[in-house]
Amino acid sequence: MTTQTKDLGRKLAQIKGAKVIKSFCYTCPWQCPTEVFVRGGKVVYQKGNPESPNNIGARCAKGMASYHVTTDPDRIKYPMRRTGPKGSGQFERISWDEAFTVIANKLVEIKEKHGPEAVVYTCHHDPNTVFAHMLLRDLYGTPNCYAHTSGCEQDRRMACLAMFGHVFPMHDFANSRYVMLWGMNMFGANQGLWESRALMEAKQKGCKLVVMDPTFTETAAKADEWIPLNPGSDTALALAMCRVIVDENLYDSEFVTTLCTGFDGFRGHLREKGYTPEWAEPITGVTAETITRLAREFAAAKPAMAALFKGPGYYTNGGDAGRAIYMLDVLTGNVDNPGNIHLKDWAPLGPPIEIPEEAKAKPGKPPLHQAMGYPLAPDLPNARLPEAVLDGNPYPVKALFVQSTNPVMSDPNTKRVIEMFRGLEFAVTIELYMSETALESDIVLPETSFYEQAEIRQGMWLGPQVILCQPAVERVGEAKPLYEIIQGIAGKMGLGEHFVYEKWEDWGEIALKDVPISLDDLKEKGFWAGEVVYGRPAKGMPTPSGKIEIHSQAFADAGFDPYPVFVERTVKPDDEYPLQLTHSKLSMHCNIVTQNNPLLMEIVGENWVEINTVDAARFGIRDDEYVVLESPQDNITIRAKVVEGIVPGVVSVRHGHGFGHWAMGEVAKDKGAHSNVLMETHVGPISGANCYNECKVRVRPA
Ligand SMILES: Nc1nc2c(c(=O)[nH]1)N[C@H]1C(S)=C(S)[C@@H](COP(=O)(O)OP(=O)(O)OC[C@H]3O[C@@H](n4cnc5c(=O)[nH]c(N)nc54)[C@H](O)[C@@H]3O)O[C@H]1N2
Ligand SMILES: Nc1nc2c(c(=O)[nH]1)N[C@H]1C(S)=C(S)[C@@H](COP(=O)(O)OP(=O)(O)OC[C@H]3O[C@@H](n4cnc5c(=O)[nH]c(N)nc54)[C@H](O)[C@@H]3O)O[C@H]1N2
Ligand code: SF4
Ligand SMILES: [Mo]
C-alpha cells in the first residue's frame, strides 16, 4: 500500500462517525463556507460547503491546513499583562476578571483626561468586531473604530464609493468574455474561491484574460496577454485607453449620457490634459499601438470587465487609478451587467444587540481620517497614526485596541510603528498568538479562532448572503470570543445591561431578525443566499446624484480634480538605489497569518524576492541564493529568485514571513524576511493609503 492510500484509509476511518458542523473559514478575508468534521473533540476533516455558491465544496490549501490552529501549542492561552519593558516579551498571566478591570478603569481614566476620541480600535480579519464598535463607538463615544483598509485596497474602495456609492464590488467572471486585471493576482492571492474558479471556467469558454502587472504572476502565467507596465503608471494607461474609446466613439453613448454624470466634462478633460496613447507610452512602458489595440478590443467585447485590486494603489499617485480603471467599465456601459464588476446587494442582517438611541454617546470630535484631512478616506490612514500618538496631531491618541491585526509587522516603516507603540499610554492586543504587536502592548487577550466561536456575517458572494460560523471544537486555554470579551469589559464599566446574552444564539436570533431564515435552519445549512440582481445603474445608484459619478462632486468638494488625473509618484530609483521595490502575496500563505502552520511551511517555508535576469547579471545575483536588499532606511537578507518575468529595474518581494515573527511561535520564527523595515512613511494624499511600493532599493549577494 502506498503512503497515500494508507493516509486515505486513515482519514476515512477518522471521518466515520464524525459530526459535521456547517461553518466558514477565516484564514483569509474571503470567508468560504465550510463543513467541519469533528470526532473526539478534534477536527478530523473539512471541506467547502457543497451547497454554497461561494466555493461549491472547495477549499484552498491554506483553508485545508488551517485546522492546525486548534491545536497549535504556540497559541496564547491566558490573558497576559506586560511586566517588563515594551517589546521585551516579559508578561504575567492574569485572570479575565483582572484584565477586564484594568481595561475598564483605563478607558474611564482616558475619557476623563483626554476625551473618548483618544481611544482607537483597529482590526484586519474582523471577527465579531461589531461588538467592540458598539461598546467603544456607540456607548463610550470614540469616533475612531476602524478596520485596516488603508493597509489594503483603500484606493479601489475609495474609487468605488465615489463613482458607484458601493464599497466592495464582487467580480462576475463567469459571464465575462474579456477580463482585464490590473494589479490583481487572482490565482496567486486568491479571493473567494468561486471567483478564481469562475475565471478559469470563463477562460475555458473563450474569455480573454489580460493582466496588467509589472510581475509575471500566477495569473499572468494563465493569461492570454501579460502587459508588464511600469510601477505606478496604471492611471496613465487607463486614461489613454479611455481616450481611444472616447475619440473613436466606441463608448456606450446612451449609458454614459443617461445613467452617469459628467461624460462631456470627462471627454474635455482627456483632451485638455493630452492623455493620448503616445503620451502614455513612455510613462507606462507599453507601446501606443498596444494601448490602442487593447482599448478597441475591450470596447468591442461585451460583456467585458476591467477590475483592480491592490497593485495600482501601492503608490502615492494610486488615488486616481481606481477611478481611471473603472472608467473603462463605465464608458463601455458594462457596469453591474452580467460579466462585469458586480455591485452586490447586502443581506438584511441586523446588529446583534440593539443599543437604544438615548444611550448612544455623541462624539465631540470628528473621526481621525477627517481631522487628518482625508475626508474621502474610507478608513483610518494608519501610517499617520504615529503623529497622533507621538505629536498629538491632529489630536492626541492615548490608547490603541488592536484585534486580528499586527501593525508592527504589516504597516510600512516598522521603526516608526514601534516608536508609536512605545509612546502609547495603553495598548490592548486581541490575538491568537504573541505577535510583534502583542509584545508592544500592555494587555494581551487570547481570542478564540473561527473553529471555536460563533459569528454571523455578510458573505462575500455575488448575491446577498449571510454566513454562519459555529463553534466546532473546545476553546484553546482560556481564549474567549470577542462577544464575551466585550461583555466582560462592558460589565466592569457599568454598561453590562446592553450585553445581556448568555449564549451566542441569544444575539444570533436578534441579528437574523430580518433575514428570511431561522437560526436553526442556518445552523443546518450554514448560509442563506438571496437573489443575484444585475443592472443597478438603471435603477438608480446609491450616490448623491443617483447616477454613476464620472464627475465626482465628492472629489471636487474635497479639493481634488473631479476627474481622474495622472501625477508622478514620489520615490523613484536613482544611481545609489537603482531598483524599485514592489510586493505581491504568496499563494500558500495568507499575509502573516499562516506562518506558524507546519503544513504550509513545509510547502513554502520562506519568502523571497524576484529579480530580473538583466538586473541579476548586473548586480552579481544568483538564483536561489541569499541577497541583501537595502533601502535608505534599513536592509534585509532574503532569498532571491532570478526570473525573466518582471520589468527590469523592479524587484518584487513576496509578502509574509520575516524577522522575529511569532516571537513565541516556533515554526515561523526566523524564517524568511520582512520588507516593511525598508520603507519610509508615504501616504496617498487623497485616500490616506499606505504606499508600500514608494521605496527604492539596491541589492548585493549576502
Ligand atoms: N494566497 C493568498 N491570498 C490572499 C492573500 C494572501 O496573502 N495570500 N491576501 C489577501 C488580501 S489581505 C488581499 S488585500 C488580497 C490581495 O490581492 P491582490 O491585490 O491581487 O494581491 P497582491 O499580491 O498584493 O497583488 C498585487 C499585484 O500588483 C502588482 N503590482 C505592483 N505594482 C503595480 C503597479 O504599479 N500596477 C499594477 N497594475 N500592478 C502592480 C504586484 O506585482 C502584484 O502582482 O489577497 C487576499 N488573498
Ligand atoms: N510589505 C507588505 N506589507 C503588507 C502587504 C504586502 O503585500 N506587503 N499587504 C498589506 C495588506 S493587503 C494587508 S490586508 C495587511 C494585513 O495585515 P494585518 O492587518 O496585520 O493582518 P493579517 O496579516 O491578516 O493578520 C494579523 C494578525 O491576525 C491574527 N489573527 C488571525 N486570525 C485571528 C483571529 O481569529 N482573531 C484574532 N484576534 N487574531 C487573529 C494573526 O495571528 C496575525 O498576527 O498587510 C499589509 N502589509
Ligand atoms: S480562500 Fe480563504 S477563506 Fe477560502 S478556504 Fe482559502 S483561506 Fe479559507
Ligand atoms: Mo489586504
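On the surface, Glu509, Asp520, Asp521 and Glu524 come together as a patch of negative charge. Patch members have over 30% relative accessible area and no salt bridge, with like charges joined within 9 Å; a salt bridge would be a Lys or Arg side-chain nitrogen within 4 Å of an Asp or Glu carboxyl oxygen. Helix H21 (residues 519-525) is the top contributor, with three residues. Helices here are DSSP runs (H or I) of at least four residues, strands (E) of at least two.

This is a predicted model, where local features need pLDDT of at least 70 and side-chain atom pairs count only at pLDDT 80 or more, while totals for chains, interfaces and linings use all residues. Residues are numbered from 1 along each chain, chains are lettered from A and ligands numbered from 1 as written, and side-chain values use heavy atoms, without hydrogens and water.

His498 sits in the loop between helix H19 (482-492) and helix H20 (504-511).

Now the rings: the whole structure has 22 aromatic pairs, counted when ring centres lie within 6.5 Å (planes under 30 degrees apart are stacked, over 60 edge-to-face, the rest tilted). Trp30 and Phe309 have centres 6.0 Å apart and planes at 65°, so they're edge-to-face. That pair links distant parts of the chain, 279 residues apart, and both Trp30 and Phe309 are buried. Elsewhere, Phe131, Tyr483, Tyr501, Trp504 and Trp507 make up one aromatic cluster.

Methods. Patch = residues over 30% accessible without salt bridge, like charges linked within 9 Å, V, L, I, M, F, W, Y side chains within 5 Å. Areas by Shrake-Rupley, 256 points an atom, 1.4 Å probe, with all protein chains shown as cover. Lys, Arg positive; Asp, Glu negative; His and termini not counted. Charge placed at Lys NZ, Arg CZ, Asp CG, Glu CD. Buried < 20%, exposed > 50% of the residue type's maximum accessible area, 1.4 Å probe, protein only.
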